[in-house]
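Hi,

Here's the structure I said I'd pass along.

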Amino acid sequence: MGKTSYVRLKGSRQFRQRLLLATLSSTPILVEDIRSDDTSPGLRPHEVSLLRLIEKVSDDCTVEINETGTKLRYKPGVLMGGKYLVHDCGLSRSMGYFLEPLILIGLFGKKPLSIRLKGITNDSKDPSVDTFRTTTLHMLKRFGVPLEGLELKIESRGAPPLGGGEVVLGVPTVPNSLTASHWVDEGMVKSIRGVTFSTRVSPQIANRMIYAARGVFNRFIPDVHIFTDHRSGPAGGRSPGYGLSLVAETTSGCLISTDVAISYPKADETDAMEDSEEKPEMLPPEDVGVQAASMLLGEIEQGGVVDSTHQGLLFLLCALCPPDVSKVRVGKLTPYGIETLRNIRDFLGVKFVIKPDPTTNTVILKCVGCGLKNLSRKVA
């Protein structure tokens, strides 16, 4: 056996994405100085949980973390997939943090993936499970992912701080590789769909959110349907919370989504910087409805075939395609999207041609995919 050569990385930035790209490109990585200057140095609970999750769906991968958690040595294994897996995501981040890398890893597994995730389903930091169900999974269709077996079932909801939610995710494997996509037509918005969730609060809250959101939309578009999902008892998790997830569908089949979730912040919320806007009392449902609706209008105004939260995933999908040209249109590039482009260049060697389109204030990106094939199936 030859000595493994590790790619050296520093810091905790983009940890999740680096881990994902290292796994897909089978690149061993050594990450140093993980929050070494912080008052609480090292990996966060959700980052360790993500490592454990990757261990569950792959075979023969090695993870070494030093005592302080500031140094990680990771060598990817063979992606296996598998059925009836269960993973507790913990309570420091919601499932949205885990779902994005998990879906991509699942596509390149040896067997289709079916996994039950436990934890927080809706929070204010990560995209909610509703967004994944309504928008993210449909995006994969554009890149030739078979729809059969691609599903996300929400069995119970969990709001922070105590969670208690459960979802079951099914991801099929891609037969050989993804297909390159030419996706630049954003179309006009023709309908708006949404779902409110409420757990351990009055069912009336949902109606108040819907009424407020419709008040914003009905000035522009008549076709607005927002469904309610009120959960009580065990299906409502362990903390009170409510929120609204909205999706605008365009004439060319693009889905633009936003969501807002409101819950009580944790008592030990140390990240005062991130949570300064959260006050102990909850935002009234009317404000949630207006806020979600305004955010969706903002996303639509920016243009592009996906909303700003899906930019990173869109670029990853383009980069993982066969050596063929993919061309996509997005609104203003988000910091996360820009970091994604850098990580793709470093790990996959794929460079994007970025061209602003001044007439629509959007950006068109082109790249030739790295041709990642589903090798785990061949090994089988």
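Let's begin with the buried residues of H6: they are Pro-285, Val-288, Gly-289, Ala-292, Ala-293, Leu-296 and Glu-299. They span an arc of only 125 degrees around the axis, so they sit on the same side of H6. Keep in mind that this is a predicted model.

What do those buried residues of H6 pack against? Their partners are strand S12 (189–199), helix H5 (204–217), strand S14 (241–250) and strand S15 (255–263). As for the helix itself, H6 covers residues 285–302, 18 residues in total. From first C-alpha to last it reaches 26 Å, close to the 26 Å expected at 1.5 Å a residue. Just after H6 comes Gly-303, with a positive phi of about 80 degrees.

Helix H1 (residues 15–24) is another story: 10 of its 10 residues are buried, so the rest of the structure largely encloses it.

On to the rings. The count comes to two aromatic pairs. One of them is Tyr-97 with Phe-98, an edge-to-face pair at 5.2 Å centre to centre with 80 degrees between the planes. Both Tyr-97 and Phe-98 are buried. Elsewhere, Arg-73 lies over the face of Tyr-6, 5.0 Å from the ring centre.

Cheers

Key:
Residues numbered from 1 in each chain as written. Predicted model: local features only at pLDDT ≥ 70, side-chain atom pairs only at ≥ 80, totals over all residues. Heavy atoms only, no water. Helix = DSSP H or I, 4+ residues; strand = E, 2+ residues; numbered from the N terminus. Expected span 1.5 Å × (residues − 1). Buried < 20%, exposed > 50% of the residue type's maximum accessible area, 1.4 Å probe, protein only. Arc of directions from axis to C-beta. Contact = heavy atoms within 4.5 Å. Phe/Tyr/Trp six-rings, centres within 6.5 Å; stacked < 30°, edge-to-face > 60°. Lys NZ or Arg CZ within 6 Å of the ring centre and 35° of its normal.
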